[in-house]
Amino acid sequence: MATDLQTMPLDGQDVLGEIQKYDFVTETHGVFKARKGLNEQIVCEISEMKREPRWMRDFRLKSLKVFESKPMPRWGGNIGIDFQDIYYYLKPTEHQGKTWDDVPPEIKETFDKLGIPEAEKKFLAGVKAQFESEVVYGSLKEDLAQKGVIFTDTDTAVREHGDLVREYIGTIIPPEDNKFAALNSAVWSGGSFIYVPKGVKIEFPLQAYFRINAERMGQFERTMILVDEGAEVHYVEGCTAPMYSSESLHSAVVEIIVRRGARCRYTTIQNWANNIYNLVTKRAVAYGDALMEWIDGNLGSRLTMKYPAVYMMEPGARGEILSIAFASKGQHQDAGAKVVHCAPHTKSRIISKSISKNGGRSSYRGLCKVQDGAVGSKSNVVCDALILDPKSRSDTYPYIEVEEQDVQVEHEASVSRIGEEQLFYLQSRGLTEAEASSMIVSGFIEPLVKELPMEYAVEMNRLIELQMEGSVG
Amino acid sequence: MTETLKIKNLHVAVGGKPILTGVTMTIRRGEVHALMGPNGSGKSTLAGVIMGHPNYEVTEGTIELNGKDILEWDATERARAGIFMAFQRPMAIPGVKMADFLRHATTNVRKPDRKEGEQLIPMREFRKELRDKMTQLRMDEEFARRYVNDGFSGGEMKRAEILQMAMLRPKFAILDETDSGLDVDAVKLASQSIAEIGGADMGILIITHHDRLLEHNTPDFTHVMLGGRIVETGGVDLARELYTEGYDKVRQRHPEDAAVEKEMAAEKKFVSGVA
């Protein structure tokens with residue numbers, strides 16, 4: 001990546017004059033001078049930096065206009081963001097420029113407790129831009145490539161599979177969808193691009209850190225997954241280690257197309273540092289008899305707003321969303337799910353589990369919509385909230401819009417507290433109060449944790465234990 | 001020296017209301033004690049306060065384990081010191097498998113100084129022991145994979161309590177109406193199991209209304225509780241008398257305590273009526 005600047009095309013770029021004013025020079029040691037703020041010029045610079053084709057730059061610029069015209073959401077949580085006080089693009093080398101000493105001690109401590117290897121720690125903390133996994137995953141990638149699977153970071157996909165990206169980007173989540181989708185469309189970087197050809201079934205989960213030489217978990221990731229007819233894929237994003245970033249806004253967009261008879265499962269476990277606004281738009285469309293599953297775990301952050309959606313477009317399509325949210329002190333998890341039944345005999349299920357402790361707030365916000373004509377559709381929504389102390393809070397905002405008579409829509413919600421009697425029972429068996437609470441909490445989320453790949457399930461449980469430490473008394 | 005659990009002049013209040021008004025009892029390891037008495041006489045309160053239930057306030061008296069005052073200890077510490085209570089109504093912990101729960105509990109009780117996050121007993125060793133104990137108690141292996149007390153029948157819950165006792169191997173065990181809600185065969189099985197596990201090794205306090213649980217666990221002492229006090233202590237014959245003839249004779253022999261019993265019952269009715 002260090003040679004990007006030298007190979008940049010210098011002529012015919014209408015913003016170049018401006019860029020040069022900001023030390024964007026082609027000297028051997030020239031560096032793109034990152035600066036805060038958002039305007040057309042910065043968007044153009046990002047596009048130039050990435051040597052993108054014109055259509056992508058135009059897409060970004062158009063999206064910026066949409067972003068500027070959109071109001072802030074008036075629901076969810078309080079978003080206290082000054083958009084001009086944010087870096088929208090940092091080169092990977094600049095991420096690297098940070099030293100291990102800059103990483104806050106509590107983050108390091110958590111890494112240690114989770115037992116994360118040294119190299120990975122630095123990657124996760126953003127000290128190192130790339131996780132050297134090439135050796136391990138090289139043969140795996142080769143195998144995938146032979147089957148015609150494309151699995152790369154989205155920046156590379158724009159250069160190498162431009163036609164595919166161009167055809168689908170913004171078709172599931174157009175920039176006009178919401179303010180943060182527009183922002184992502186204007187300034188996105190990184191993310192995964194996956195195409196699974198007809199009938200190809202990938203038996204192991206694809207994970208974000210298979211990608212080599214990709215930019216690390218970015219602020220504005222853009223992920224696209226296309227699962228062709230009869231194909232199957234399970235994608236795992238993120239990790240349970242706290243994702244530290246000096247930047248306070250993260251706004252990703254994930255678009256997924258699951259064609260007829262195909263299956264896609266998308267698993268996310270994210271554990272953000274406490275200063276982060278995590279405002280994400282995730283949506284999938286599922287065609288005839290296809291199955292789309294979102295498994296979404298949200299920990300940490302100051303505010304998370306995330307509602308993975310499945311639009312069921314043709315008969316027999318199914319959507320399942322399992323979500324866990326854990327809100328602790330100073331954290332607000334506004335998470336949930338959306339299912340939209342656009343065709344007859346489509347089926348959806350939402351299971352949401354939230355935990356609030358130490359003054360944290362978690363909200364379930366969900367939409368179940370059945371369009372006129374979607375006869376015989378079924379939807380089942382279950383949300384359970386566990387509140388660990390009187391300071392904490394939980395709310396449920398279910399939106400149900402049913403335009404068809406012949407359907408079955410169920411919604412159940414429960415709120416519970418950890419009972420004194422439960423604690424006493426476990427303590428009478430030699431568990432400490434903290435161990436007892438953490439056991440009750442892991443039991444509460446067990447229905448979701450057992451859906452996770454083994455290593456994630458183990459880490460998830462360890463993480464819950466860490467979150468619970470010192471939480472009682 | 002024989003290990004002892006000694007309760008002296010114990011007064012206990014719940015929400016400011018006196019429930020126990022001077023209970024004295026000494027249990028030595030290897031002894032079986034039966035505690036009988038009409039409903040509401042304070043038997044379950046005594047069990048709870050020995051185990052360290054946070055809602056029970058000790059206003060007077062002591063509980064000593066081998067000469068050490070344990071009143072300031074919480075339930076965790078008491079469990080680790082070798083005290084066990086089989087609950088009358090065990091709590092469900094959905095999502096937590098019996099085996100995982102038992103592995104934590106067993107490790108903690110056997111290694112009382114274990115810090116959180118430290119090693120549990122090795123899986124293989126634990127599994128073998130659990131399997132052996134379950135075979136001994138004629139329990140299906142599937143049981144270990146079910147969630148703790150979640151959707152258990154009354155009988156299953158009580159057997160799960162006995163299994164826990166078998167794994168934790170306490171010095172002193174209090175069985176709070178472990179026979180309630182069980183049919184005749186189940187009580188018989190429970191009675192046998194307790195005898196097999198306890199043997200001469202435990203000091204056992206059996207709270208019961210019936211004599212069936214005592215069939216294989218002949219009490220060395222039988223205590224009768226009335227109005228928050230132990231009014232009589234005898235041998236196995238007393239247990240038989242109470243089972244066959246009820247508590248009327250006891251009430252006649254102790255009119256003052258019977259009056260207290262009546263008063264407490266009326267007050268309880270009044271309070272619950274208001275609530």
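Trainee: Is the crossing of α3(B) past α5(B) left-handed or right-handed?

Mentor: α3(B) passes α5(B) in a right-handed crossing, meaning that the near helix is turned clockwise from the far one by less than a right angle. Helices here are DSSP runs of H or I with at least four residues, strands are E runs of at least two, and both are numbered from the N terminus. Bear in mind that this is a predicted model, where local features need pLDDT of at least 70 and side-chain atom pairs pLDDT 80 or more, while totals for chains, interfaces and linings use all residues. Residues count from 1 along each chain as its sequence is written, with chains lettered from A and ligands numbered from 1 in the order in which they are written.

Trainee: How do I describe the packing of two helices?

Mentor: You give the angle between their axes and the distance between the axes. Here α3 (98-110) and α5 (154-168) of chain B pack at about 35 degrees, with axes 9 Å apart. The axes are fitted to C-alpha atoms over the stretch in contact, and angles run from 0 to 180 degrees between N-to-C directions.

Trainee: Which residues make the contact?

Mentor: From α3(B) come M98(B), L102(B), A105(B), T106(B) and V109(B), and from α5(B) come A160(B), Q164(B), M167(B) and L168(B). Contact means C-beta atoms, placed from the backbone, within 7 Å.

Trainee: What about strands? How does β8(A) pair with β5(A)?

Mentor: β5(A), residues 232-237, pairs with β8(A) in the parallel sense over six bridges, and H234(A) stands opposite R265(A). Pairing takes at least two DSSP bridges. β8(A) also pairs with β10(A), residues 291-300, in the parallel sense over ten bridges, with Y266(A) opposite W294(A).

Trainee: How many residues of β8(A) are buried?

Mentor: Nine of the ten in β8(A), residues 263-272. Buried means 20 or more other C-beta atoms within 10 Å, exposed means 12 or fewer, and partly exposed is in between.

Trainee: Why is G151(B) called exposed?

Mentor: Because G151(B) has 9 other C-beta atoms within 10 Å. G151(B) lies in the loop between β8 (147-148) and α5 of chain B.

Trainee: And where do the chains meet?

Mentor: 20 residues of chain A are in contact with 25 of chain B. On the chain A side, α12 (420-427) and α13 (433-449) each supply at least two residues, and α13(A) gives the most, with nine.

Key
Contact = placed C-beta atoms within 7 Å.
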